[in-house]
Amino acid sequence: MKKNSNSNRPGKNDLILVAGAGGFIGGALARSLHEQGYTRIRAVDKKPLPHWYQRVPGVESLCLDLSHEDNCVQAVEGATEVYNLAADMGGMGFIERFRIQCLRSILINTNLIEAAWQAGVSRYFFASSACAYNVKLQEDPNCRALKEEDAYPAFAERGYGWEKLMSEMFCQEYWAERGMKTAIARFHNVYGPWGTWDGGREKAPAAICRKVLEAKHTGKKEIEIWGDGTQTRSFMYIDDCLHGIDKIMHTEALIATPINLGTSEMIAINDLVSLAEEIGGIKLKRSYDLGAPRGVAGRNSDNTFIRKMLGWEPSIPIRKGLKATYQWIEEQFRARQAGGHTVRDIY
Ligand code: NAD
């Protein structure tokens, strides 16, 4: 008998593991699962608990380095579902500079998926990335949007992208050879409140909001942009991301099938800056650092496949999402200026 999509979901008292829960997307996922009424959520991250972006009351929160096999065995014990959002990652500045650290994230997925299989986990989610796509298809700011099949022939982003591609393959083979249900979403630039907004790992939307706030604060009406500002991307708001993760994880027809999870609203970095200026109510003099990391020239998500499979696609407009993100970063910025602590607990 064909299952309806609800019966693919775990029971409210089944144990769900969120790996990387001290970070942006993992933290938001743990909170969302808690709000949906799941009573047994285990949140794991290698960061010490006070450094987690969000900690949710009632959620078991553990500090474990999941690149080690024994910690993975401990983390998955008793779990019905596993979400792997743990990775050593950041924006382009981080990805281009620390390729070894990015590659070493393969240890996390390799050990976690094996432990999950050994423990009899029902479903396993892997957070892949648009960086897994062939970079040769992304050399022009107006290049066509990426379809799922564009990952092969493989020419992924060095380091980070290859790790994602290999980990995707693990997920596919754990289904093909061992019968564990896996889900693989290729995220395209996720942003929103509770994300990284300074320190070197932040991505373009948060970095630009922060720079606009800094310019307002210092009165120096200038902004430095990485690259020439013509590079294009699409950006997905965190709420769309969470919605997509849930749908992809629980759709039988998508088992072990990489799928884009991003918006198809492409925007140039220059236009993103204009939007942030508009939200901040300021106009800044732009300078361009042509030597700074800028990533591929253009990237967008082709959403034909996700629309066909789910009858849905991420659609929160950048204008709306950026406003909410800017407001949240402004709160953090003010708190920091006032000497406060900006990693917020919600106990
Ligand atoms: P994040 O850096 O905020 O969160 C990742 C978390 O993983 C961090 O808290 C980190 O401490 C943790 N981690 C790293 N190594 C670990 C280890 N060995 N053991 C346990 N925890 C470890 O990043 P994010 O934006 O929340 O991204 C989540 C996932 O989504 C990652 O796999 C990332 O590659 C993927 N992704 C994110 C984006 C995006 O735009 N944010 C885009 C594409 C893919």
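Analyst: A crossing of two helices is called right-handed if the near helix is turned clockwise from the far one by less than a right angle, and left-handed if it is turned anticlockwise. In this predicted model, H7 passes H11 in a crossing that is right-handed. The residues that make this contact are Pro205, Ala206, Cys209, Arg210, Val212, Leu213, Glu214, Lys216 and His217 on H7, and Leu322, Tyr326, Ile329, Glu330, Phe333 and Gln337 on H11. Sorted by class, the contact of H7 with H11 has 9 nonpolar, 2 polar and 4 charged residues.

Two packed helices are described by the angle between their axes and the distance between the axes. Helix H7, residues 204–218, packs with H11 at an angle of about 50°, and their axes are 9 Å apart. H7 and H11 are therefore oblique to each other.

Helix H11, which spans residues 318–337, also packs with helix H9, residues 269–280; here the angle is about 55° and the axes lie 10 Å apart. That angle makes H9 oblique to H11. The crossing of H9 and H11 is right-handed. On H9 the contact is made by Leu272, Leu275, Ala276, Glu278, Ile279 and Gly280, and on H11 by Ile318, Arg319, Leu322, Lys323 and Tyr326. By class, the contact of H9 with H11 has 7 nonpolar, 1 polar and 3 charged residues.

Notes: Residues are numbered from 1 along each chain as its sequence is written. This is a predicted model: local features need pLDDT of at least 70, side-chain atom pairs count only at pLDDT 80 or more; totals for chains, interfaces and linings use all residues. Side-chain values use heavy atoms; hydrogens and water are left out. Axes are lines fitted to C-alpha atoms, for helices over the stretch in contact, and angles run from 0 to 180 degrees between N-to-C directions. Helices (H or I, at least four residues) and strands (E, at least two) are DSSP runs, numbered from the N terminus. Angles under 35 degrees count as roughly parallel, over 145 as roughly antiparallel, 65 to 115 as roughly perpendicular and the rest as oblique. Contact means heavy atoms within 4.5 Å. Ala, Val, Leu, Ile, Met, Phe, Trp, Tyr, Cys and Pro count as nonpolar, Asp, Glu, Lys and Arg as charged, and the others, Gly among them, as polar.
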